[in-house]
Amino acid sequence: MGKIEDLKVINGEGYQLSVLDKVVAAARKNSVWPLPFATSCCGIEYMASMGSNYDLARFGMERMSFSPRQADLLIVAGTISKKLAPILKQVYEQMAEPKWVLSVGACASSGGIFDTYSVLQGIDRVIPVDVYVPGCPPRPEQIIDGIIKIHEMVKHEPMRRRYSDEYKSLLNKYDIEGNEK
Ligand code: SF4
């Protein structure tokens, strides 16, 4: 999992050439630092994915970051109340670009069984989500599958995407400030 796939290099005497976009994408993909925003049962499943049985460290991801500025993958696992939604959004805004979001389980993705006045009916009401993991709760294998899908996105993302008009209008929809050109 840690190898740098599809990286075309040209070797010569005393030099090595490659495409910068691909080198950066490969480095990002293989060193994702997740910030677990775990509020309930789905968080326990996520913890299991870190244990020796599932060993998320295989993906270069053993370093949890509880500081938003040093994280690039926000993993939201659990029920998010409407009261908590602004905090979640603040944590997302504090993360530096480029950043990705994984929504783990029915509650984070849609409110789950809690169709009530107090529960946010999906975190994509306040922040953009890249990958959704279904289930109540999803098994660690499903969470890892979601993380692998994030890795694929990271691997294929062009370096300029975060400065594109399309990305800016996505952030605008959420009333979030983007990068300056
Ligand atoms: S989706 Fe199910 S397991 Fe996950 S937090 Fe909600 S109730 Fe708990």
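These are my notebook entries on what I looked up in this predicted model.

**Entry: the sheet**

I started with the strands. I found an open sheet of 4 strands, in the order β3-β4-β5-β6, with parallel pairing. At its edges sit β3 and β6, each of which pairs on one side only.

**Entry: β3 against β4**

I went through the pairs from the β3 side. β3 and β4 are joined over 5 bridges in the parallel sense. I checked two positions along this pair. Proline 34 has leucine 73 as its bridge partner in β4, and leucine 35 stands opposite leucine 74 in that strand.

Is β3 enclosed or open? I counted 4 of its 5 residues as buried, so β3 is largely enclosed by the rest of the structure.

**Entry: β4 against β5**

Then I moved one pair along. β4 and β5 also run parallel to each other, with 5 bridges between them. Here I noted isoleucine 75 opposite leucine 102 in β5, and valine 76 opposite serine 103 in β5.

I looked at burial for both strands. In β4, 5 of the 5 residues are buried, and the strand is mostly covered. β5 is mostly covered as well, with 5 of its 5 residues buried.

I wrote down the side-chain directions too. From β4, Leu73, Ile75 and Ala77 point one way, while Leu74 and Val76 point the other way, and all are buried. From β5, Trp100, Leu102 and Val104 go one way and Val101 and Ser103 the other, again all buried.

**Entry: the core**

Which residues have the most contacts inside the largest nonpolar core? I got Leu73, Leu74, Ile75, Val76, Leu102 and Val104, in a core of 36 residues. At least two core residues come from each of β3 (34–38), α2 (41–50), β4 (73–77), α3 (85–94), β5 (100–104), α4 (105–110), β6 (131–133) and α5 (140–156). The largest share, 5 residues, is supplied by β4.

Leaving out neighbours within four places in sequence, I found valine 104 in contact with Cys42, Tyr46, Ile75, Val76, Ala77, Val133, Pro138, Ile143 and Gly146.

**Entry: valine 126**

Why does valine 126 count as buried? I found 21 C-beta neighbours inside 10 Å, and the cut-off for buried is 20 or more. Beyond residues up to four places away in sequence, valine 126 touches Ala85, Leu88, Lys89 and Tyr174. I also took one distance: valine 126 and glycine 146 are 20 residues apart along the chain, with their C-alpha atoms separated by 20 Å.

**Entry: lysine 22**

My last stop was helix α1 (residues 20–29), where lysine 22 lies. I counted 18 other C-beta atoms within 10 Å of lysine 22, which makes it partly exposed. That label applies because buried needs 20 or more such atoms and exposed needs 12 or fewer. Lysine 22 and glutamine 70 are 48 residues apart in sequence, and from C-alpha to C-alpha they are 22 Å apart in space.

Note on methods:
Residues are numbered from 1 along each chain as its sequence is written. This is a predicted model: local features need pLDDT of at least 70, side-chain atom pairs count only at pLDDT 80 or more; totals for chains, interfaces and linings use all residues. A nonpolar core is a set of buried Ala, Val, Leu, Ile, Met, Phe, Trp, Tyr and Cys residues joined through C-beta atoms within 7 Å. Two residues are in contact if their C-beta atoms, placed from the backbone, lie within 7 Å. Two strands pair if DSSP finds at least two bridges between them.
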